[in-house]
Amino acid sequence: MSEPIFSVQDLTMRFGGLTAVDRVSFELYPNQILAVIGPNGAGKTTVFNVVTGLYAPSEGAIRFKGSTINGLAPHLIARRGIKRTFQQSRLFDNLSVLDNVLVGMAATARHNLGKAILRRDLLARELSRDIEHALELLGSFSREMRTSHRKRAGDLTPGDRRKLEICRALASDPTVLLLDEPAAGMDPSETAELMEDILKVRTLKHGIGIILIEHDMSVVRQTADVVVVLSYGKIIATGSFANVSSDPAVQEAYLGTSN
Amino acid sequence: MGAVTMHDESPGKTAYLTRKLAALGILLTSSGAVYAIAVLKNQWIVLGLSVLTVAAMIMIDRRPTLKRRIGEPLRQERGLLLVSATVLALAAPLPLRGDPYTLHVLVMVGISMILAIGLNFQVGSTGIPNLGFAAFYGVGAYASSLLAIRFQLSFWLAILLAAAIAAFFGFLVGVPSLKTRTYHLALVSIAFGLMVYILLNNLAFTGGPNGVKDIPAPFLLGQSLFMSIRIFGLTYPMQLNFYYLVAFFLALTLAAAHCLYHSKVGLFWNAVREDEVAAKCSGINVSAVKILAFCVGAFFAGIAGSLYAHYIGYISPENFNMNVSLLILGMVIMGGMDSIQGTCAGAFLLTIAPEKFRALTDLRMVAAGLIIILMLMFRPAGIIPQRIREYRGLLPLGRDTDTDHE
C-alpha cells in the first residue's frame, strides 16, 4: 500500500482534568474511507476539532502530506487540503446555495483587494470559472440544487443541507474530507442517498481520503474500509467492520454488556 | 457565438423601448418623492409623503409579480439608470438657490450616507456590532482639521491622511476585538467610543471641550469653497459647493462599496457574519477579514469626518458622542443591513427627519425612536433589505440553470 496521506500519532486532548482524547493513533490512505465510531461522548468530534485546528492538541502529532500540522490555524489547515462538515450542519444560511460553494473555494482563492477594484475583468473571468466549477459540483450531487442555486441556503431541506455542506467542503479539491455524523436526523431513504453520495465523493475526487464519524451502523458497514472504535477517548478496536463488530470490547462499550 | 448573442437579444424594439421608459419612469417617480421629502417645508406633508413612500415600497415588496415587473427594467437598464441618476443628482440642488438651509441638509445627508456605508461594512456585511462608530468619524474630523491648521496642509491631502489615520484607529480597535464577540464586542466598541470622546475633551492639542475652530476651507482651482459661486449669471450659496464636493466623495464611496460587495472580500465578510467557525474551516482568515472590515469602515468614517469639519469650520467633542454612534447605527439597521441602497435610504430618512420636525423640539427624538421601533417590528430587515447575490452575465448558459432573468 502507498504512503498514508494523513495520520495522527498519540493524539491527546485534555480539557482541565478531563481527557477527551487519549493517545489516539490512526492512518488514512488515499482513496480510503475510515469510520470513527463509538458511544456518545467518546471524543469523536473532539478528534475532528483538534485535527481541523479548532483546538490545539495537548500532546501528539498530526501529520499531513509529510509535514506536521499541529497548532496551525484552522484556515491554514483548510487551505492545505483538510475540509470538514459539522454534526449540526453549519451553512451560511442567508447566502445563496451558489455562494456557499463559492466560499468553500476560499481555500484556493487568490483574493486580492487591489485586483478587486482595479482589474475587474480578470476577476470576472476567474469568478465565472469558479461559478461554472461550483455549479458542476452541485449538479453532480443534486440536479435540483444546481437549478435552484439562487435559493437561500437556510431554506433547504435537511437532506439538501448535508449535500450542500459536502459540496462546500469539496469545492477546493481537498485531499482529506472529514464528515461529522452526516446521517444524523435523516430518514432511511435520505440515508440511502447519503451513502451513495459518500461513495460518489470517492469517484469524483480520485485519491481523496474520507474520515467519517457515524452512529448509523448500516452506513458504516456499507461505506467504511477501516473502522476505528473510540470509547472514553481511547481506541478500543481497529479493523474491518466485521472484525470490529464482533469484538467483545466493542459490544460492551456499545451495549454496556457483552452478549 | 454571434448567433447566440443574436438569439439573446430577441425582444422586439417596442419591448426594448418600453423597458427603457419604464425604468426612467420608476427612477423619476422615486427620486421625485425623495426630492419632495427633502425640499418641502410643511412637516405634515413631509410626514405623509414619507409614510406613503415607505408603505408603497413595502407593499411592492410583498407582491412578487409586481416586484418583478418593477425590478426587471431596473435591473436590465442599469447603465441608463446610472447616467440619469447622476444627471438628476447634479441638477437637484440648482432650483434651491434661495434655500441654503435645504442645501445644508442635503450636504449633511451626503455625509451621513458616507458614514452609514462605512458602518455597514462592519455591522451589515461582517456582523461586527459597533456602537462607537462616531469615534472614527471624530478621529477623521480632528485629524483633518489639525493637519490643515498646524501644517497648512491642503484639504485634499488632509482628507486622505485623515482617512488613513482613521483606518489605523480601525486597526487598533480591530486587533483586541478579535478576542471578543457579540455583546462583549459591542461593549468594547462602546468603551472605545467613550475613550475617544473623553480624550478629545481632555487633550490640549484637540482644544478640549472648546474643540477646533477656524478650520480652513477646501480650495479647488484656487477658489475657496466658502465663497459663493456664480453659474450662468446666478449667484449660488456656498452650500452648493459642498453639495458637489460631498457628492463627489459619496460617488467614490458608493463605487468602492459596490466593488467590495461584489468581490470575494464582500462574500467572505458575509461568510464570517453567518458562521465564523464554518468560515474558518472553509479556509477564510477570519481575523484578517474582520480587521479589514474595521479599517475600511473607519476609512470612510474618516472621509466623512474630514468633510464635516471643513464644511462646518468648527468641531467639538459633542459632534462625535454616543448619540451620533447610535444614530448612524440606526441608519444602517433601519435602511437595511448589508444593503448599500438601504443604508443610503436610512441615512437620508434619519438625517432629514430631525430637521423637518424641529418644531417638535425634544419630542422629535422620541418620534425618531418610535419610527425605528415600528420599523423593526414590521420590517426587521430594513427599508431595502439585502438581496441574494446575482452573478449576472457570469453564469454559464446551460439549459438546466435557472435563468428566469435574461
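# Exercises on a two-chain model

In chain A, residues 24 or more positions apart make up 68% of the contacts with a separation of 6 or more. Keep in mind as you work that this is a predicted model.

## Exercise 1: Sizing up the two chains

Work out how the radius of gyration of chain A compares with what the globule rule gives for 259 residues, then do the comparison for chain B with its 406 residues.

**Solution.** 

Step 1. Start with the make-up of chain A: its secondary structure comes to 11 helices and 10 strands. The radius of gyration of chain A is 19 Å, close to the 18 Å from the globule rule, so chain A is as compact as a globular protein of that length.

Step 2. Now take chain B, which has 16 helices and four strands. A compact globule with 406 residues would have a radius of gyration near 22 Å, and chain B has 22 Å, so the two agree.

Step 3. Chain A covers about 65 × 40 × 40 Å, and chain B covers about 70 × 60 × 45 Å.

Step 4. Finish with burial and contacts. In chain A, 46% of the 259 residues count as buried; in chain B, buried residues make up 41% of the 406. Among the contacts in chain B with a separation of 6 or more, 75% come from residues 24 or more positions apart.

## Exercise 2: A hairpin and its turn

How many residues lie between strand 9 and strand 10 of chain A in their hairpin? Is Y232(A) buried, exposed or partly exposed?

**Solution.** 

Step 1. Check the pairing: strand 9 (residues 226-231) and strand 10 (residues 234-239) of chain A run antiparallel, with five bridges joining them. In this pair, V229(A) faces A237(A) of strand 10.

Step 2. Look at the turn. The hairpin has two residues between its strands, and Y232(A) is in that loop.

Step 3. Check the backbone angle. Y232(A) has a phi near 50 degrees, which is positive even though the residue is not glycine.

Step 4. Count neighbours. Y232(A) has 15 C-beta neighbours inside 10 Å, so it counts as partly exposed; the buried label would need 20 or more.

## Exercise 3: Another positive phi

Where does D338(B) lie, and is D338(B) buried or exposed?

**Solution.** 

Step 1. Find the spot: D338(B) is in the loop between helix 14 (322-335) and helix 15 (340-356) of chain B. D338(B) isn't a glycine, yet its phi is positive, at about 65 degrees.

Step 2. Count again. There are 25 other C-beta atoms within 10 Å of D338(B), so this residue is buried.

Step 3. Move on to helix 15 of chain B.

## Exercise 4: Where the chains meet

Which helix of chain B gives the most residues to the side that touches chain A?

**Solution.** 

Step 1. Size the contact by residues: 29 come from chain B and 40 from chain A.

Step 2. List the elements of chain B that give two or more residues to this side: helix 10 (239-261), helix 11 (264-274) and helix 12 (276-281).

Step 3. Pick the top one. Helix 11 of chain B gives the most, with seven residues.

Step 4. Sort the chain B side by residue type: 16 are nonpolar, six polar and seven charged.

Key. Residues are numbered from 1 along each chain as its sequence is written. Chains are lettered from A and ligands numbered from 1 in the order in which they are written. This is a predicted model: local features need pLDDT of at least 70, side-chain atom pairs count only at pLDDT 80 or more; totals for chains, interfaces and linings use all residues. Two strands pair if DSSP finds at least two bridges between them. Two residues are in contact if their C-beta atoms, placed from the backbone, lie within 7 Å. Ala, Val, Leu, Ile, Met, Phe, Trp, Tyr, Cys and Pro count as nonpolar, Asp, Glu, Lys and Arg as charged, and the others, Gly among them, as polar. A residue is buried if 20 or more other C-beta atoms lie within 10 Å of its own, exposed if 12 or fewer, and partly exposed in between; C-beta atoms are placed from the backbone. The radius of gyration is taken over C-alpha atoms; the globule rule is 2.2 Å times the number of residues to the power 0.38.
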